[in-house]
Amino acid sequence: MKHYLLSMYQPQGGVPAPEFLERVMADLGVLRQELESTGSWVFGQGLHDPDTATVLRPREREVLVTDGPFTEGKEFLGGFTIIKAPDLDAALAWGRRYALATGLPIEVRPFRGEAED
């Protein structure tokens, strides 16, 4: 089994309605239970908004510390899940389910050293 990163990108802006979030969280709970029952779950968690980020940037033997996201954009990494899957097709199947459950774009990427580079 190879490890894959499922990145969830969400748009800048307000928080969705509570009814929508309740449904999304329930659907994600079901997905997590299925991943755990098949031995595919590794780790996953949502992230705070990008304005809570701190960036460490090396500069001439020093490290510059700045507040805010690394890059500005209309979408940001809102959370991620790491799964184990036998191949990319299986990882993409889980990714499709995450996309349908959240309504968000999901990026699926293999970790180096496990999948064909």
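A: Helices (H or I, at least four residues) and strands (E, at least two) are DSSP runs, numbered from the N terminus. The model is predicted: local features need pLDDT of at least 70 and side-chain atom pairs count only at pLDDT 80 or more, while totals for chains, interfaces and linings use all residues. Residues are numbered from 1 along each chain as its sequence is written, and side-chain values use heavy atoms, with hydrogens and water left out.

Helix 1 (18–37) gives the most to the lining of the largest pocket, namely seven residues. At least two lining residues each also come from strand 1, strand 2, strand 5 and helix 2. The pocket (an open set of points on a 1 Å grid over the protein atoms alone, where a 1.4 Å probe fits, with protein on both sides within 12 Å along at least five of seven lines) is lined by residues with an atom within 4 Å of a point. Its volume, the space filled by probe spheres set on the points, is about 880 Å³. Among the 31 lining residues, Gln10, Met25, Leu28, Gly46 and Gly78 are closest to the centre. The lining comprises 15 nonpolar, 14 polar and two charged residues, with Gly counted as polar.

The strands named above belong to an open, antiparallel sheet of four strands in the order 2-5-1-6, where pairing requires at least two DSSP bridges. Strand 2 (41–46) and strand 6 (106–110) each have a single partner strand, so one side of each lacks a neighbour in the sheet. Strand 1 (residues 2–11) and strand 5 (residues 75–85) are joined by ten bridges; Leu6 has Thr81 in strand 5 as its bridge partner.
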